[in-house]
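Subject: Structure handover

Hi,

Here is the structure for you to look over. Please open it alongside these notes.

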Amino acid sequence: SFTGLRIAAGTVQGLAFGADLPVVPVSSLAGLAQRAVREFGWQKIHAAFDARMGEVYWGSYRVNEVGVLELVGCECVCVPAALQQAAAISREEGWCGAGSGWIHRPVLEQQTGPLLQCEPALLPHARDLLPIASQKWQRGETVSAEQVVPVYLRNDVAVKSAPRTSS
């Protein structure tokens, strides 16, 4: 996944340089949530990917007045039990869950409150990036080609073993 993100960022950067165009950054969590809007008509989505190592990548989104999702709180990576504090989520009713992070549903619902619906098998789809990107483009939320970099919510990407000692 990390290598794929770097390859994608390099490709986008090359295309943007070649066409002399800015780039609109869109989160994969936002893309997942937008798919849930398109396929199920949900209005409030807690998007979560299983981040392995006992953690989840998280973003909460609400549909705005033009039918595009906007981030509520912040995107983060954390253990499910620390989610409410890390993401500053609201426990209001009416939320739905999407993405592989919902394999931790019992612990996550302790943080979010009960869900109306949940689709843990839902994955992002490229077509769902377009409404978000279009809205960001209209707002001028772009970056130059040289500013294109993948955003990693987690810096540590591997479980490190304990140091070995000689006997």
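Below are notes on the cysteines and on one helix.

This is a predicted model.

Cysteines first. How many disulfides are there? The count comes to zero. Cys 74 is in no disulfide. Its nearest cysteine sulfur belongs to Cys 76, 5.3 Å away. The cut-off for a disulfide is a sulfur pair within 2.5 Å.

Are these residues buried or exposed? Cys 74 counts as partly exposed, because its relative accessibility is 31%. Cys 76 counts as buried, because its value is 8%.

Now helix 2. It covers residues 28-40, 13 residues in total. From first C-alpha to last, helix 2 reaches 18 Å. That is close to the 18 Å expected at 1.5 Å a residue.

Look at both ends. At the start of helix 2, a side-chain oxygen of Ser 27 comes to within 3.0 Å of the backbone nitrogen of Leu 29. Just after the helix, Gly 41 has a positive phi of about 75°.

Which residues of helix 2 are buried? They are Leu 29, Ala 30, Gly 31, Leu 32, Ala 33, Gln 34, Arg 35, Ala 36 and Val 37.

Best wishes

Key:
Residues are numbered from 1 along each chain as its sequence is written. This is a predicted model: local features need pLDDT of at least 70, side-chain atom pairs count only at pLDDT 80 or more; totals for chains, interfaces and linings use all residues. Side-chain values use heavy atoms; hydrogens and water are left out. Buried means under 20% relative accessible area, exposed over 50%, partly exposed in between (1.4 Å probe, protein chains only). Helices (H or I, at least four residues) and strands (E, at least two) are DSSP runs, numbered from the N terminus. The expected span of a helix is 1.5 Å times one less than its number of residues. A polar contact is a pair of N or O atoms within 3.5 Å; within protein, one must be able to donate a hydrogen and the other to accept it, and residues adjacent in sequence count only if both atoms are side-chain atoms.
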